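Hello,

Here is the structure for you to look over. My notes follow below it.

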Amino acid sequence: MASVNLKHVMKRFEGKVVAVADFNLDIEDKEFIIFVGPSGCGKTTTLRMIAGLEEITEGEIYIDGRRVNDVEPKDRDIAMVFQNYALYPHMTVFENMAFSLKLRKTPKDEIKVRVHEAAKILDIEHLLDRKPKALSGGQRQRVALGRAIVRSPKVFLMDEPLSNLDAKLRGQMRTEISKLHQDLQTTFIYVTHDQTEAMTMGTRIVVMKDGYIQQVDTPQALYEKPDNLFVAGFIGSPQMNFREVLVENLGGEVYLKFGKSSIKLPGEKARKLEELDYIGKEVIMGVRAENMLDEQIYLDSLVDCVVEAGVEVVEILGAETLLHVKVEGTNFVARVNPQKRVKVGDIIKLVLDPSKIHIFDRKTEKAIR
Ligand code: ATP
């Protein structure tokens, strides 16, 4: 159990690539923190600096209140699980899991107890005598987790541990790792580029881009209140719909206008745009697929927020249907009731729920709210 604190942490590789820039984060004991972002944003480098596998160019890292900048990886009380499992092929599962304890000269009896305990948690007791090559990908990943668990580290560091598994197994292992976190009550720091993985597992998510933290928040808060255009587009599937729109004041009401369509904004959002002097200027409107409503009650009550949409693709997913539509020349995706009978070529009416519309500054790309 431990807190992890990163203070003004920076990493510059030779050749002046700044991989991580001024990274500040306080991770509390028992948190499940996820670093997420596109390839090259600095997630792995940050994790490796916490692990001690990468030198810190500037700044300080604390684990459990102790400054670890100059502490060897093996003395940091952390365990790391990698994408490629890194199991020893000539050793059995038991020997793989026991290896680090043996190095520490842990008594044999204790090693046995700890390996069996970890194997039980991970449901791999029946595999202890096998060699890695006789295991499936999912089983290998469990052994890799087991090897970390036996050490009872203060912090678990995981770098894309599920990316070599197929989609179904990945889903299962996601749940297992979440359970593991609950059982072990230890701090987890987990790197992924997959926003679904981040959203389903993390208690808090750190969204990164180009070496900079974009936002740190709970999954719910990131989804509902993204701070900028990047986070809005990165978190959520299907991706949030975006369109440049003009802010207009017509008779005291504020509208977002694009093509022949216009959306009347509710009081609070309208006042904010007025206050910040956006009337007559272009902004970027963002709307999530589930906030494009097709039910009649909305079409009747929110008449100032209706747009015409040309249906281009109908994606039937069972519990929901995704409509790929064109609104005023822009592609949008709407998530509608699967009962709805729509076909390609139909022109339908949709309400852009004005209370759920996101607005971003065009230049700074920051959320206006
Ligand atoms: P991915 O999801 O692809 O693993 P990432 O977010 O984990 O990406 P990092 O591996 O941390 O990104 O890399 C961040 C940046 O630092 C990238 O631009 C990368 O090319 C660069 N980088 C990483 N390792 C080195 C190195 N050893 N030498 C020079 N540049 C490096």
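Which residues does Ile189 touch, not counting residues up to four places away in sequence? They are Val4, Ile27, Ile33, Leu47, Ile50, Val155 and Leu157. Touching means that the C-beta atoms, placed from the backbone, lie within 7 Å.

Two notes on reading this. Residues are numbered from 1 along each chain as its sequence is written. The model is predicted, so local features need pLDDT of at least 70 and side-chain atom pairs count only at pLDDT 80 or more, while totals for chains, interfaces and linings use all residues.

**The core**

Ile189 also belongs to the largest nonpolar core, which has 99 residues. Ile34, Leu157, Val207 and Ala334 join Ile189 as those with the most contacts inside this core. Domain 1 (4–234) and domain 2 (241–361) both give residues to the core, so it lies between them. The domain bounds come from an automatic or database assignment. A nonpolar core is a set of buried Ala, Val, Leu, Ile, Met, Phe, Trp, Tyr and Cys residues joined through C-beta atoms within 7 Å. Buried means that 20 or more other C-beta atoms lie within 10 Å of a residue's own, all placed from the backbone.

**The ligand and α1**

The shell around the ligand includes Phe13, Lys43, Thr44, Thr45 and His193 (near means a C-beta atom, placed from the backbone, within 6 Å). α1 gives the largest share, three residues. Helices are DSSP runs (H or I, at least four residues), numbered from the N terminus. Eight of the nine residues in α1 are buried. Leu47 and Ile50 are among them. Gly52 follows α1, and its phi is positive, near 90 degrees.

Best wishes

Definitions and conventions: Helices (H or I, at least four residues) and strands (E, at least two) are DSSP runs, numbered from the N terminus. A residue is buried if 20 or more other C-beta atoms lie within 10 Å of its own, exposed if 12 or fewer, and partly exposed in between; C-beta atoms are placed from the backbone. Two residues are in contact if their C-beta atoms, placed from the backbone, lie within 7 Å.
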